[in-house]
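Please study the sequence and the model before reading the solutions.

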Amino acid sequence: TMIQILTHRPNCSPLVVFMLLLIDHRLIIVGSSFQVLQGTSDKYLNYEPMQGKVEDLKLPEDREVVVRLPSNSLLKYTSYKDVSILHFNVLQGTRTAYFTFKAYEDPKSAFQRKCKPKDVTLHLKASSYPVISPENITFPKNFFSSDQRFKVYDLQFLSDEQQQHITIEAPHIGNWFAVAFVSWSDPNNDRIEQQGLAASCDTLLFAEMSVSRFRPIILNSDQEHQANLTSNVLPVNKTRKVDANLKEVAGGNTSRPLRSLPPKQQKLKQPELNNFTDNTDQRKPALIQNSTENHNGTITHTANNEIIYRFYVPDEIGDAAARIAFNEICDECPEVGFHVRANGYPLRGGDQGHGTIIRANQTDEISIPFGVQPNTWHYAALGFATNDSGANFSVSYTLQIDYIASKIVSRKPRDDNDSFNSSASSNTSSSSIPNAWTPTPFRGMNFYSLLRQTYREFFMFDYDLRPDVNGTVPATLNLTAQTHSGFAFDVGEVYDIGGTLTFALSMQEEHRASLKMAPPTQPPDLGGILAERLIGDPKEAVVPMGKTSVASGNQSMQIVVCMQLGEPGEPTWPDKCLYGQKLKQASIIVNQTESMGVIHVPFPESGQWYVTMGLFCHGAETARVTIMESVKEFIRKHQDMLEDMRPPCDCAAGFPRISACLKDLDCLAAMNETETLKIKECIMDSKCTTEYRQMTRLFEEHHKAAMEQHVGTDNCNTSVVFTVSSSPCVAGRCGRFGRCYHYMSGGFVFSTCVCSKGYRGWDCTEDTQVPTSMSILLATLLLTLSNLLFFPSIYMAVKRRYYTEGVIYFFAMFFSIFYHACDAGEDEYSFCLVKIGVLQFCDFYCGLLSIWVTLVAMAHVRSDFVSLLHMFGAILLAFGTELNKQSLWVFLAPALTGICLISTSWGLRCAKSRKLFPSRRYLSVWLPFGLTLVVAGLVCYAFLQTKQNYHIVHSIWHMVMALSILCLLPSRKTFLPKC
């Protein structure tokens, strides 16, 4: 090898040996990396370059690593463009996901000292990128509520090589995305340090995911499955013959909790399966045991304290029912829990899916209806809810899952001859050709089919009603008070999640032109995607004179819109949506006052989204003012609920004011609608009270008792226009002070706004840190006018016949003035003579060159060498400035070379003349004073500058460097010693 050859060549210099050893080490690393890339299935599990810095993680036996990512470099957060995206894929059958992260500092050079650990922030979310605000800036109005999206898991830690963990029980099956970055800090307080003075390191993040799994039982539709449910778990040896009478086995004393199944699953051999089914009467439930596999390859059979089923729901199925029958009565058995969830383990007590508690004290068949998602795998768990006594229970049962065909359920009885939609029936009654506008029944609602149109740009698409055979698309959608309406649309897994999904609805037909998205003909940041009304206040919409939707018969109309991923909501009066057993706030409320509603979903989750709309009509005696009076009466009656509210409840902070207002009838009568509804929401919010379910039921009873709801029959309908579209950033725009850009991280593209002029936020509208015009003008004047102190230096250089130096001082002043005039004005007071990059280069270059020529003049060398030294410095400084104008060595190289030149020249003159050189006055007065100014300027430049005080400190740097030239530039009267 190369090392062996070097040992037989002692004549090689140590430097050459060291360099060859370093190259050989680099080749070894590259070779190992290449071998890793040649792997196929385990390339993420054996990433060799990471083993030197991050040791293998020790995992329990019931876990297995399924994803190990290479190290990612993290940037300091200034906006969303700085995040690093990590991608994980949670496979089917995952019981628990364990995410492990480790951050460390990697020096950029082997000669640098160790870096100080930095704060690292990480956010983890299922199905899409996390929507975050590290600066704690409020999101723009009309943003989709975070409570109705997948939970974001937050983690903050130091880059000190310590492992950090996020454990998620029953994770969502599919893609998971994490965004990581060096934690945000106020940029106004960050120091502007000279590059090279402090240790420079890259912050790297290592991540992996391990899982524990379970083995579900596949269950087909209309297939009856019999099993035995027990309340304990017993270990059984793999080679032992299992007796047919499992009740005796279940009655043993040794028990342990059921363990999740690791991902490496081995099928049981056929003889072992026969051990479970032999000697079992076919008329009785089959006694089947669960299996768990350890990493050592042994299989442990466990009793069925919880049995998991897996079944697939086909298209156009929205409801199902579980039919459970216990074969014998068990009065002493605990309650049995039945939980169902789509795309995830059905965790008990979870906020996702359906959960029902039943008793095993009856043999009659129990039917449990629940909603399902079409084209999705579902998981059902059946097990004893509690077992406080510790006794062993066992009960046999039969389970069957039935799919229920959807039917339209009218909220008021009507004739069978009525159609779903007046416009649809008129088009279908006289033709046998299927009409694309005819709705499809789904969960008791009219669902209309949509057609997707995709554009060339990233994240640009929209959905519209599907055209008929003639290519005609209906201009409006007719809603009736008898039946809710809605539609479903898909968002892709990767190519659709990096933009913003927008849904807008209006009762005014004149708004259609502003709601619809025109085909893009220009870049997104230049407009042309959606009208600005979509990101503005709907109240500001200008409606031309013409036909509007007016309720007949003095009726008041209100449309409640529900928007949700994976599950359609049922609109309920006055502002709620019912999702299964959960009542949530409606996404949009549209009425005759608020005639248009808009909602934005940044980085939408992939999957099928549902939008449902319910029209509610009221007579003149049930006007909205009467409704608000009913709500005020309810909150006044239950005002005692506010006393126990604590953060994060929205009403906790203003409790004294709210309580005093509720006790004062005049204050209560003057309370506006927004404040009234906010208090009502707090009383029924799970974050504010544990009795939120009871309060929700009491409000419904109070509201129904307070007023009679008159639903229109023949004359209560309205036409609406809507848009479902996606675009980069927020409707393709970033306000007046930002631009929309696309970025890629980890192979995933996303769009984000990059703000300017001090504006911040998701759409560059937050202006709390925007400098005033006076402060901008003051900073610009300081940075430009401070350079005028170079005029005395120029005058002195010309007077002392340093003409070359005077020209360089002039151009250093000139380019510094125009560079700061272009850079510091924030486009309000800025003036750019040429491109700012050219001005910046000239400013740095002329500044460095002025330092060099001053040192050459101080050296007082022969005139024959002055021009040579000037050209030598000009060429090398131009090279260094272009290479890295902010490098420490670009400043140190001319300074150190000049000091050596001065020392050599002065030393030779002293030795030759046997006298002190230069003069005593220069050495005792001008040189110390000039060096003091230089040191003060360098300290300001390298250590004291921040973004907040930059205009002050940098102006001081200009002034002290200009004054130092007056002291250091040699004069024949004070520099040369007297004879």
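Helices (H or I, at least four residues) and strands (E, at least two) are DSSP runs, numbered from the N terminus. The model is a predicted one, in which local features need pLDDT of at least 70, side-chain atom pairs count only at pLDDT 80 or more, and totals for chains, interfaces and linings use all residues. Residues are numbered from 1 along each chain as its sequence is written, and side-chain values use heavy atoms, with hydrogens and water left out.

**Exercise 1.** State how many helices and strands the protein chain has, and what share of its residues is buried.

*Solution.* The protein chain holds 19 helices and 36 strands. Buried denotes under 20% relative accessible area (exposed is over 50%, partly exposed in between; 1.4 Å probe, protein chains only). Of the 979 residues in the protein chain, 47% are buried.

**Exercise 2.** Locate Ser 127 and Asn 343, and describe their phi values.

*Solution.* Most residues other than glycine have a negative phi. Ser 127 lies in the loop between strand S4 (119-126) and strand S5 (153-158). Its phi is positive, near 75°. With 4% relative accessibility, Ser 127 counts as buried. Asn 343 belongs to the loop between strand S15 (336-342) and strand S16 (354-358). Here too phi is positive, at about 55°. Asn 343 is buried, with a relative accessible area of 19%.

**Exercise 3.** Determine the strand order and the edge strands of the sheet that contains S10.

*Solution.* Two strands pair if DSSP finds at least two bridges between them. The open sheet has four strands in the order S10-S19-S14-S17, with antiparallel pairing. Strand S10 (224-230) and strand S17 (366-371) are the edge strands, each pairing on one side only. On average, neighbouring strands of this sheet are turned by 30° against each other, direction ignored. S10 pairs with strand S19 (residues 394-404) over seven bridges in the antiparallel sense. Within S19, Leu 399 is the bridge partner of His 225.

**Exercise 4.** How do helix H16 and helix H17 lie relative to each other: roughly parallel or roughly antiparallel?

*Solution.* Axes are lines fitted to C-alpha atoms, for helices over the stretch in contact, and angles run from 0 to 180 degrees between N-to-C directions. The axes of helix H16 (residues 863-884) and helix H17 (residues 888-913) come within 9 Å and cross at roughly 160°. H16 is therefore roughly antiparallel to H17, since angles over 145 degrees count as roughly antiparallel, under 35 as roughly parallel, 65 to 115 as roughly perpendicular and the rest as oblique. Contact means heavy atoms within 4.5 Å. Among the residues that make the contact are Leu 869 and Leu 877 of H16 and Val 890 and Leu 901 of H17.
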